[in-house]
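Q: I would like to learn how to read a contact between chains and a ligand site. Can you take me through it step by step?

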Amino acid sequence: MTALIDTRNLTKIYRLGDISVKALDNVTLSIGAAEFTAIMGHSGSGKSTFMNILGCLDRPTSGQYLLEGEDVSNLSVKQLATIRNRRIGFVFQGYNLLRRTSALENVELPLIYSHVPAKERRMKSLEALEIVGLSGHEHHQSNQLSGGQQQRVAIARALVNSPSIILADEPTGNLDTRTSFEIMGVFRRLNSDHGITVIIVTHEPDIAAFTRRHIVFRDGQVIEDRANEPRIGS
Amino acid sequence: MFISTSLRIALNALKANKMRSLLTMLGIIIGVAAVVIMVAIGSGASAKITAQIESVGSNLLIVVPGATTAGGVRMGSGTVSTLTLADAEAIVQNCPSVARVAPVWGGVAQAVYGNQNWSTGVTGTTSSMFAIRDWTLTAGRFFTVQETKAAAKVALLGQTVVNNLFGATDPIGEIVRIKKMPMQVIGVLAVKGQSPRGDDQDDAIYVPITTAQKRLFGTHLPGLVRVIMVQAKDMNVMAKTEKEITDLLDQRHRIVKGADRDFSVRNLSEILAAAQAAYKTMSLLLGSIALVSLIVGGIGIMNIMLVSVTERTREIGIRMAVGAQESDILTQFLIESLVLSLVGGVIGVILGLTGAEIMAAMSDWPVLISWQALLLAFAFSAMVGIFFGFYPARKAAHLNPIDALRYE
Ligand SMILES: Nc1ncnc2c1ncn2[C@@H]1O[C@H](COP(=O)(O)OP(=O)(O)OP(=O)(O)O)[C@@H](O)[C@H]1O
Ligand SMILES: [Mg+2]
């Protein structure tokens with residue numbers, strides 16, 4: 001059985017003038033379908049770089065990234081956009097919602113780019129907002145919502161196109177502990193009830209405790225990869 | 001579906017920066033207004049000229065003394081007339097394509113009635129003149145053949161002359177003194193308005209040609225005429241008519257082959273071409289203003305779109321992260337610059353129409369507004385929007401998603 005995500009000697013080198021930074025150094029990893037994984041490590045260890053490549057937002061310098069058995073490293077810009085649209089939902093630390101735009105319209109965005117008709121778009125988006133517990137807030141402007149609510153909108157946007165993977169780079173980084181736990185509860189439900197593979201980046205052991213697998217990075221390499229008994233309740 | 005969404009995004013972006021959008025559109029507004037005024041004046045002028053040709057008759061030829069070519073040795077001075085009444089008679093009798101001729105001889109004279117006096121052009125001609133020029137009377141009658149033959153002391157007055165000499169008095173049957181010669185007013189000509197060159201055609205007195213020759217403006221050679229107006233039977237045989245007249249007069253004036261002619265035959269469209277040239281100059285001027293403004297406007301749009309792309313780099317990143325294709329981003333920004341230029345176009349059209357109306361009211365430039373002109377203006381502004389919007393839109397579309405997301 002092929003893993004959902006399979007990386008082989010994934011390497012990313014940033015060149016800044018004369019010096020070059022090896023942000024990822026031969027990372028070989030497999031993540032199966034419906035896993036719930038946390039990626040941890042010190043600042044600058046390459047977590048975001050890894051997530052951006054998994055999310056098809058960036059390309060590796062060398063190595064392979066197989067998504068459901070298909071090598072993504074050499075796909076065209078157009079094909080990568082389609083993958084981001086249909087198969088992956090990305091959640092950012094800073095929410096990245098469109099300003100002066102309602103929650104509903106923000107959630108509809110991926111559906112616009114997959115040319116879903118307006119009625120269906122609306123229906124699916126309302127459904128996604130319900131899953132993240134934001135029913136009744138669909139017409140609020142994104143910047144009139146609290147941080148926790150904005151992150152829920154972002155999660156609704158990530159899941160609206162029924163992706164198989166949701167990637168979240170420090171999704172609770174800007175939130176207080178209680179709100180963070182609520183958000184993690186949402187991810188856990190998406191994983192357990194909807195069977196979505198969820199990978200989150202976090203610094204906090206409390207947050208990582210929700211997941212079933214911990215992968216630790218240091219200097220662009222995986223130094224630890226262990227199973228975890230997830231904490232129940234929030 | 002995607003277009004309408006992009007349209008809404010574009011309109012929102014414009015609304016968010018009203019003042020900036022307006023300033024950006026200024027160049028387009030001026031350019032489009034200039035295009036509208038230019039076309040309005042151009043088509044107004046040509047419509048007026050066409051109407052004038054038709055009213056005078058596009059089948060009109062004018063035989064004038066003097067050579068068509070300048071220079072060369074000619075008999076006497078160039079101003080001496082060489083055409084005679086007999087030439088006019090011969091043309092109507094011998095040229096099969098000719099319908100009517102009207103010889104003309106005249107000058108400027110003072111007309112006096114009671115204590116009023118008025119100086120104006122007095123034209124001696126035959127009643128064919130009025131048939132040729134399709135000119136009717138508001139009162140009285142034209143000259144009879146007898147009156148023309150007998151150099152009768154009768155006159156037809158244009159409305160301007162009537163107004164200046166008679167005021168409210170009925171002029172028919174009254175005696176006016178033209179060059180001290182008492183003449184009876186037998187008719188008043190219908191109002192004709194301005195000529196293509198802008199003279200008042202109603203400021204004129206018409207008398208029988210013989211009266212002009214013998215009694216008013218004596219000639220050293222009897223029967224001399226200044227010009228001969230010729231009406232062809234059909235406007236499709238103008239060239240043939242011209243040749244018939246030329247051959248006949250060559251023979252009558254004993255012009256040997258290759259020598260300079262002492263007359264020339266002109267048609268009206270050549271004369272009106274001069275009037276058209278004036279309008280062309282005006283159009284050309286407005287055309288250059290339009291072109292420059294449209295280019296400046298286009299550069300303004302390009303500039304503001306580049307600013308917009310930079311300001312919204314993060315938004316572009318977000319859209320790409322959720323799956324927008326390069327073509328989606330390109331379309332979005334192209335629509336935005338198109339909306340910018342088209343809104344500018346609409347304002348420009350409104351301004352242009354107003355300007356054309358004002359121009360029509362304040363001067364006698366004829367103005368004609370056609371839907372083609374408006375379409376042309378819109379096409380121009382759309383072209384400017386797409387042309388100058390393309391580079392910024394492409395720049396947006398080619399952003400790298402991760403760089404765009406990181407942009408602060
Ligand atoms: N665009 C870039 N250009 C140059 N160097 C970069 C770039 N992005 C990241 N790096 C470098 O790559 C290394 C890994 O960065 P990365 O953002 O992946 O770390 P991280 O683990 O996500 O850190 P943090 O926990 O602070 O978010 C760092 O040394 C960083 O300086
Ligand atoms: Mg990071």
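The dialogue below goes through the interface, the ligand and the salt bridges.

Q: What should I know about the model and its numbering?

A: This is a predicted model, where local features need pLDDT of at least 70 and side-chain atom pairs count only at pLDDT 80 or more, while totals for chains, interfaces and linings use all residues. Residues are numbered from 1 along each chain as its sequence is written, chains are lettered from A and ligands numbered from 1 in the order in which they are written, and side-chain values use heavy atoms, with hydrogens and water left out.

Q: What area is buried between chain A and chain B?

A: Buried area is the accessible area (1.4 Å probe) that two parts lose on being put together, summed over both. Here the value is about 2,000 Å². Carbon and sulfur atoms give 59% of that.

Q: Which residues form the salt bridge between the chains?

A: Side chains of opposite charge can pair when their charged atoms come close. The rule asks for a side-chain nitrogen of Lys or Arg within 4 Å of a carboxyl oxygen of Asp or Glu. Between chain A and chain B the count is one. Glu105(A) pairs with Arg8(B), and their closest N and O atoms are 2.8 Å apart.

Q: Where does ligand 1 lie, and which residues come nearest?

A: A residue is near a molecule or strand if one of its heavy atoms lies within 4 Å of it. Ligand 1 lies between chains A and B. Of the 15 residues around ligand 1, Ser43(A), Gly44(A), Lys47(A), Ser48(A) and Thr49(A) come nearest. H1(A) gives the largest share of this shell, three residues.

Q: Which polar side-chain atoms lie by oxygen atoms of ligand 1?

A: Lys47(A) places one 2.7 Å from an oxygen atom of the ligand. For His203(A), the distance to an oxygen atom of ligand 1 is 3.1 Å. Chain B takes part too: a polar side-chain atom of Arg406(B) lies 3.1 Å from a nitrogen atom of ligand 1.

Q: How many salt bridges are there over all chains?

A: The count comes to 21. One of them joins Lys12(A) and Asp58(A), with the closest N and O atoms 3.3 Å apart. This pair links distant parts of the chain, 46 residues apart. Lys12(A) is in strand E1, and Asp58(A) is in the loop between H1 and strand E4 (62-67) of chain A.

How values were computed:
A polar contact is a pair of N or O atoms within 3.5 Å; within protein, one must be able to donate a hydrogen and the other to accept it, and residues adjacent in sequence count only if both atoms are side-chain atoms. Helices (H or I, at least four residues) and strands (E, at least two) are DSSP runs, numbered from the N terminus.
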